[in-house]
Amino acid sequence: AVGTSAFQRRRLSDETTYLARHDALTGLHNRAVFGDRLTAAIDGRHPSGLLAVLYCDLDGFKGVNDRHGHEVGDLVLRSLAVSLSESLPECTFGRLGGDEFVCVVHEGTIHDLERIADVVCMTSRRTVDTPRGPLRLSSSVSVTGINASMDRTVALRLADEAMYRAKRSGGNSWVLAET
């Protein structure tokens, strides 16, 4: 545009690139970038190394939006994204959409996975202050170990199925996916 400085064009280009790679609401990786990161992790993993994906879905989130409005729902999602990133800086988080968060765990042991799943559950199990009063949150989480024959589609499907198993068992917990 006429009168646009090189600095302004560069800033606009940087913002556009950022928005193409990150979820606009939470700042986490978006679905496409998370999928690329997961594929890269699968393709680049050491055969004997641990690789897993955690799938987290807030319990009763539709009710938050229905009772308190989307502004409060957005506040809850932003707050959870920040808390998850700060609680587990070693993990790669993404938001698939709605109230679905995912995490890739690149290294560690089964005990590390259990600890990370506990942290995700504890981080979401809290009260968030909103303009309409406090909201109690919890989540259903699945842990899916990724074996050598899995691609990202299979890994995410298994994680999603296991997460719904956690929801059916009452939520506020995590389960290990059956692979």
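Begin by selecting strand E6, residues 139-145, in this predicted model. Strand E6 runs parallel to its partner E7, and the two are joined over 4 bridges.

Now move to strand E1, residues 52-58. Strand E1 and E3 pair in the antiparallel sense over 6 bridges. Selecting Tyr 55 shows a residue that stands opposite Val 102 in E3.

Continue to strand E3 itself, residues 100-105. Is this strand enclosed or exposed? Of its 6 residues, 6 are buried, so strand E3 is largely enclosed by the rest of the structure. In a regular strand, side chains alternate between the two faces of the sheet. Show the side chains of E3: Glu 100, Val 102 and Val 104 point one way, while Phe 101, Cys 103 and Val 105 point the other way, and all are buried.

Finally, select strand E2 together with E3. These strands pair in the antiparallel sense over 5 bridges, and Arg 95 stands opposite Phe 101 in E3. E2 and E3 form a hairpin with 2 residues between them. In the turn, select Gly 98, which has a positive phi of about 50°.

Definitions and conventions
Residues numbered from 1 in each chain as written. Predicted model: local features only at pLDDT ≥ 70, side-chain atom pairs only at ≥ 80, totals over all residues. Heavy atoms only, no water. Pairing = 2+ DSSP bridges. Buried < 20%, exposed > 50% of the residue type's maximum accessible area, 1.4 Å probe, protein only.
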